[in-house]
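Morning, everyone. Please look at the screen while I talk you through this one.

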Amino acid sequence: MKKLFNKAQQLSLDYLESLNKRRVFPTPEAIQNLEQFKQALPEQGAAAEKVIEMLDEVGSPATVATAGGRYFGFVIGAALPASVAASWLAAAWDQNGATNILSPVSACLEQVCMSWLTDIFMLPKGTQGGLVSGASMANFTALAAARHAVLAKQGWDVESKGLFGAPPITVVISAEAHATVLKALSLLGLGRERVIQVPVDNQGRLRADALPELNSSTIVCIQAGNVNTGSFDPAEKICAAARKGEAWVHVDGAFGLWAAAAPKRAYLYSGVPEADSWATDAHKWLNVPYDSGIVLCRNPEHLKAAMSITAAYLTQGVQGEPYHYVPQLSRRSRGIEIWAALKSLGKKGLSDMIERNCRQAFLFSSGLQKAGLNILNDVVLNQVLVSCGDAETTQQIISAIQQEGTCWCGGTVWQGQPAIRISVSSWATTDTDVERSLAAIVRIAKNHK
Ligand SMILES: *Cc1c(COP(=O)(O)O)cnc(C)c1O
């Protein structure tokens with residue numbers, strides 16, 4: 001085993017060290033080489049070392065260098081060294097994160113994380129939650145708690161009776177709600193189209209003045225961190241209106257919730273802790289390995305009720321069990337990596353990482369602007385939208401950036417205008433990475449004219 005694991009460790013290190021020199025997106029040849037994997041399942045097994053060798057030889061070159069410092073597509077964090085090392089150890093431990101009795105260490109670290117996270121996000125005392133696969137699942141889980149709470153108030157037990165014959169629920173979202181919120185609503189039987197859509201302003205923020213009347217059968221979904229602009233919905237105003245009507249407010253803060261750690265972003269974050277539930281990702285801006293999402297709930301009883309299962313053999317734990325708060329029973333122990341990331345950063349390290357990425361986003365926007373390109377958003381966080389003209393030109397420039405390989409950015413359409421979207425979310429991004437990428441983007445955009 002020692003030889004095998006040493007080999008895997010060496011190959012991992014070689015890989016990570018190669019990231020600074022290699023292209024971000026793999027070459028067509030590397031992708032072509034993946035054909036080698038497409039064999040029939042062999043009758044006889046191979047030696048474990050050979051298996052790892054093949055993964056490295058064929059697989060590594062066809063990876064996207066999202067673990068490095070020059071990947072700016074979607075919103076993708078890398079993985080902090082402490083969290084990667086913790087993940088190796090956790091893989092060896094192979095703990096099932098479902099219950100205390102299955103893994104005391106997993107349950108303990110998860111509880112420590114919940115308390116640290118409640119502190120970082122400035123959430124009310126008593127907030128509890130669980131670790132899920134990502135913000136998609138965190139949105140789903142939180143909205144299941146919301147569905148429970150809203151219907152329980154009207155005397156309806158949705159977990160037992162379902163939605164057939166249930167009192168109606170009003171769901172309010174913004175025109176800019178993330179696609180995964182709509183997916184969660186569809187999975188929960190609340191319907192993608194059965195919603196009131198509130199218009200947004202030019203930064204994609206929900207217009208509080210356009211909110212419908214909110215009452216106790218309303219669930220309002222707001223956003224902390226628009227996936228295009230990074231903007232925050234005005235949580236303070238929305239939460240105040242919701243409190244008055246006893247509506248439930250859910251915050252999709254997949255990456256934006258981490259702004260709480262950065263004092264200079266406090267003005268964005270104000271009001272967010274007034275909500276009832278929150279969803280965020282650890283695999284984005286906290287920079288832990290995939291997959292890792294977090295759901296948090298002001299009143300964890302609603303979450304527990306929504307996630308309840310009945311099986312006598314499971315009810316051994318006296319206190320809160322991890323599986324009480326999430327859809328899954330068996331699962332990997334995500335708390336180990338989240339704990340390692342937070343422990344290695346400390347409050348100061350976390351705050352520095354978030355601020356650094358925000359500052360680097362600003363370096364991008366000012367550099368691109370100086371080069372004559374048009375920035376479409378107010379750069380308030382880590383997202384930058386760059387206009388290069390019509391859809392065809394923009395797509396050609398994006399493809400050229402991706403093919404050139406210095407960095408990787410994707411495209412989007414922002415309020416009718418095609419744009420390059422730059423997201424700075426990696427601990428590994430240095431100012432040199434930004435300068436190199438900036439130079440590549442400017443060169444490619446200029447050459448295009
Ligand atoms: C990324 C993202 C999601 C979905 O998160 P996953 O981790 O991909 O499931 C939801 N909402 C927002 C705002 C996001 O940025």
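Start with a definition: two strands pair if DSSP finds at least two bridges between them. Helices (H or I, at least four residues) and strands (E, at least two) are DSSP runs, numbered from the N terminus.

A word on the source. This is a predicted model, where local features need pLDDT of at least 70 and side-chain atom pairs count only at pLDDT 80 or more, while totals for chains, interfaces and linings use all residues. Residues are numbered from 1 along each chain as its sequence is written, and side-chain values use heavy atoms, with hydrogens and water left out.

Seven strands make an open sheet, in the order 1-7-6-5-4-2-3, and the pairing is mixed. Strand 1 (128-132) and strand 3 (195-198) stand at the edges with a single partner strand each, so one side of each has no neighbour in the sheet. From one strand to the next, the twist averages 20°.

Let's go to strand 4. Strand 2 (residues 170-174) runs parallel to strand 4 (residues 218-223), and three bridges join them. Val 172 has Val 220 of strand 4 as its bridge partner. Thr 170 has Thr 218 in strand 4. Strand 4 also pairs with strand 5 (residues 248-252), in the parallel sense, over five bridges. There, Ile 219 stands opposite Trp 248 of strand 5.

Is strand 4 buried or exposed? Six of its six residues are buried; buried means under 20% relative accessible area, exposed over 50%, and partly exposed in between, with a 1.4 Å probe and protein chains only. In a regular strand the side chains alternate between the two faces of the sheet. Here, Thr 218, Val 220 and Ile 222 point one way, while Ile 219, Cys 221 and Gln 223 point the other way.

Next, helix 12. Helix 12 (residues 334-370) lies across strand 1 and strand 7, at about 105° to strand 1. Contact means heavy atoms within 4.5 Å. Axes are lines fitted to C-alpha atoms, for helices over the stretch in contact, and angles run from 0 to 180 degrees between N-to-C directions.

Strand 8 and strand 9 (residues 383-387) pair over two bridges, and Asn 374 stands opposite Ser 387 of strand 9.

What is the angle between helix 12 and helix 14? They pack at about 30°, with their axes 10 Å apart. That makes helix 12 roughly parallel to helix 14; angles under 35 degrees count as roughly parallel, over 145 as roughly antiparallel, 65 to 115 as roughly perpendicular and the rest as oblique.

Last stop, Ser 60. Ser 60 sits in the loop between helix 3 (48-59) and helix 4 (81-93). Why does Ser 60 count as buried? Because its relative accessible area is 18%. Not counting residues up to four places away in sequence, Ser 60 touches Tyr 15, Arg 22 and Leu 55.
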